[in-house]
Amino acid sequence: MNDSTKSETLVSATSSEIKELAKEQVLYPQEQLAKVKESNKSLQIGIPKETSLQENRLLLTPSSVGVITNLGHRVMVETEAGVAAKFSDNEYSEAGAKIVYSAKEAFDAEIVLKVAPPTLEEIEYILPGATLISALQMGNQTPEFIHALNKRKITGVAFEFIEDKVGGMPVVRAMSEIAGSTVMTVAAHYLSSSTNGSGVVLGGITGVPPTKVVILGAGTVGEYAARTAIGLGAQVKIFDNQLYKLRRIKHTLGQQIYTSTMDVVTLSNALEEADVVIGAIRAEKGTNRMVVTEEMVANMQAESIIVDVSIDQGGCIETSEITSLKKPVFRKYNVIHYCVPNIASRVPRTATTVFSNIFTPILSQVCDAGGVDEMIYNYRWFMKGIYTYRGSLTNAAIGKKFNLRSRDLHLLMAARI
């Protein structure tokens, strides 16, 4: 075989091998660039300044606004909206927000983000058919509020009703953690003689009997209050009528702490000895239970402290009355009562950061889905927060409380398809 023939044979063999190798490679997974879904709709989001007397929080930090604007959406922030939470207009502007100089401009958006529910006057600023994401604060709400939203066909989203993918309530949980951690610092402050308290330290000191703390409610607020009190060395007793909650809190805290159901005699005896009482019972079906009577309070130690965290929903202690951050306490039967609603607003920067951690991913999903309607349709956990939808009340519990007709949201959504 001459050199030319050998060369042709080698080329033929090599070509054949290459073809076989190419066929073999087809069987392997082939790398491709991932498809990136682009939202076909730019959303406009408004953040007005909070006007509620004791509301210092916002739903988004400047960094979260930056995330939203980088997705191609517009965010309008009313001037000085973040001042109470120590966020400046410049920080929001640098993050891509447009600073507006009136509430009306901030409400002029497809999605309005507020912490406290808007007033009836503010509702008139919201665009017809827009979406309001805020607290509902059902215990303080009126039928007129619902009528005003429905008149303008506003979709109302109560963030305390929104669930996560495993059925938890992230906003309620997060704010309860803050309240539970903060409440013991409030109690410690008013035990001090500098505030005309009893002059004792909250906790345990060598050779001195520990402070006695009674916590009513074994939920998240109770858990974090107990965690803080135990860390300081206080003696803690927790009361709740739900045994599973008492078991859970003992397991979570990892200690064999004193727990009891709310037996009147046992509870009365514990209150008589208590230095601090924390009311942290969550309302059921919109109404709270008064578990501590006026007579029980009258038998408590002089200058002991009551912090009624449940005051947002009416309170769980008969002698509780709403107070303000300017005048946070009053005395009754020489027992100091701290009944300021919205304890989390005492630490607005932390609370705003927590809100942002929750709402940045949610708003990103809304933007990615193309709007709130698509979000409601695709995510059942988000649907849980809807209480009014385009002129109709969709929350049966609110309808029952105010004697208003409610409609099934699933049917309303199906009608729009």
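Which kind of contact do the side chains of E223 and R173 make? This is a predicted model, so what follows is computed from its atoms. In it, E223 and R173 form a salt bridge, with N and O at 3.8 Å. The cut-off for a salt bridge is 4 Å, so this pair counts. The two partners come from distant parts of the chain, 50 residues apart: E223 is in helix α8, residues 220-232, and R173 is in helix α7, residues 170-191.

Is E223 buried or exposed? E223 has a relative accessible area of 2%, so it is classed as buried. R173 has 32% relative accessibility and is therefore partly exposed.

E223 has another partner. Its side chain also meets R248 in a salt bridge, at 3.2 Å from N to O. R248 belongs to helix α9, residues 243-253, while E223 lies in α8, so this bridge ties together parts that are 25 residues apart in sequence.

As a general point, side chains of opposite charge can pair when their charged atoms come close.

How many salt bridges are there in the whole structure? The search returns ten. One of them joins E55 to R57, with the closest N and O atoms 2.7 Å apart. Both E55 and R57 are buried.

Now a case without a bridge. E78 sits in strand β2, residues 74-78. E78 is buried, yet it has no salt bridge. Why does K49 not count as a partner? K49 is the nearest side chain of opposite charge, but it is 6.4 Å away and the limit is 4 Å, so the pair is left out. What the E78 side chain does reach is the backbone nitrogen of A103, at 3.4 Å.

On to empty space. Rolling a probe the size of a water molecule over the atoms shows where empty space is left.

How many cavities of 30 Å³ or more are there? The count is one, and about 50 Å³ of space lies in this largest cavity. Its lining consists of K212, V213, V214, Q235, K237, A270, E273 and A274. The largest share, three residues, is from β7. By class, the cavity lining has four nonpolar residues, one polar and three charged.

The other space I want to show is the second largest pocket, which holds about 190 Å³. Which residues lie nearest its centre? They are K41, G129, T131, V372 and R390, out of 14 lining residues. Helix α13, residues 372-378, supplies the largest share of this lining, with three residues. The lining of the second largest pocket divides into five charged, five polar and four nonpolar residues.

To recap, E223 is buried and has salt bridges to R173 and R248. E78 is also buried but has no salt bridge. That is what I have for today.

Notes: Residues are numbered from 1 along each chain as its sequence is written. This is a predicted model: local features need pLDDT of at least 70, side-chain atom pairs count only at pLDDT 80 or more; totals for chains, interfaces and linings use all residues. Side-chain values use heavy atoms; hydrogens and water are left out. Buried means under 20% relative accessible area, exposed over 50%, partly exposed in between (1.4 Å probe, protein chains only). Helices (H or I, at least four residues) and strands (E, at least two) are DSSP runs, numbered from the N terminus. On a 1 Å grid over the protein atoms alone, a cavity is a set of points where a 1.4 Å probe fits but cannot get out, and a pocket is an open set with protein on both sides within 12 Å along at least five of seven lines; lining residues have an atom within 4 Å of a point. Grid points are joined across faces, edges and corners, and a volume is the space filled by probe spheres set on the points. Ala, Val, Leu, Ile, Met, Phe, Trp, Tyr, Cys and Pro count as nonpolar, Asp, Glu, Lys and Arg as charged, and the others, Gly among them, as polar. Lys and Arg count as positive and Asp and Glu as negative; His and the chain ends are not counted. A polar contact is a pair of N or O atoms within 3.5 Å; within protein, one must be able to donate a hydrogen and the other to accept it, and residues adjacent in sequence count only if both atoms are side-chain atoms.
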